[in-house]
Amino acid sequence: LLGRHYEISERVVAGDSRGTNVTGYKTINFKPENRFLMANGVYVSELLLDGEWFPSVSNVGLRPTLCGSKFFIETFVIDRDLEPLVGHRLRLRLHKKLRDEKKFPSVDSLIDAIGLDVEDARGFLSREG
């Protein structure tokens, strides 16, 4: 409806390392100062870094499987291992909602779902590109 993809510009905050240590998916974390009008869920996204957009998958919400209770945006950059970026202001572009955020019965089922999300995002971005 906007005629363009929804974008945010936020500072990266330190996470609790659950993405890396529990799921194996290292994420960049944002805690928006203002909660915007976007439904919680998993989105195909792109992260702008050093003038280049990188394909990513973002979870917008509370992270219920890992006992989250605070609103965050967690972004996994596909096929790229980034250095710590805490404190940097980055832009994130959200393309398409892949699924609602939900609590999985186990960490293994969450990891499987994230793998499917990454593949769906790759496919979507290859068609858009």
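Visitor: How do the residues of the lining of the largest cavity divide into nonpolar, polar and charged?

Guide: Rolling a probe the size of a water molecule over the atoms shows where empty space is left. In this predicted model, the lining of the largest cavity has nine nonpolar, six polar and six charged residues. Here Ala, Val, Leu, Ile, Met, Phe, Trp, Tyr, Cys and Pro count as nonpolar, Asp, Glu, Lys and Arg as charged, and the others, Gly among them, as polar. Local features need pLDDT of at least 70 and side-chain atom pairs 80 or more, while totals for linings use all residues. Residues are numbered from 1 along each chain, and side-chain values use heavy atoms, without hydrogens and water.

Visitor: Which residues lie nearest the centre of the largest cavity?

Guide: Those are N59, E74, R99, L110 and I114, out of 21 lining residues. The elements giving two or more residues to this lining are α1, β4 (52–61), β5 and α2 (107–128). The largest cavity has a volume of about 330 Å³.

Visitor: And how do I read an aromatic pair?

Guide: A pair of aromatic rings is described by the distance of the centres and the angle of the planes. Y25 and F76 form an edge-to-face pair, 4.9 Å centre to centre with 90 degrees between the planes (centres within 6.5 Å; planes under 30 degrees apart are stacked, over 60 edge-to-face, the rest tilted). Y25 sits in the loop between α1 (18–23) and β2 (28–30) and F76 in strand β5 (residues 72–77), so the pair ties together parts 51 residues apart in sequence.

Visitor: Are Y25 and F76 buried or exposed?

Guide: Both Y25 and F76 are buried (under 20% relative accessible area, with exposed over 50% and partly exposed in between, for a 1.4 Å probe and protein chains only).

Definitions and conventions:
Phe/Tyr/Trp six-rings, centres within 6.5 Å; stacked < 30°, edge-to-face > 60°. Helix = DSSP H or I, 4+ residues; strand = E, 2+ residues; numbered from the N terminus. 1 Å grid on protein atoms, 1.4 Å probe; cavity = no way out; pocket = protein on both sides within 12 Å on 5 of 7 lines; lining within 4 Å. Points joined across faces, edges and corners; volume = space filled by probe spheres on them.
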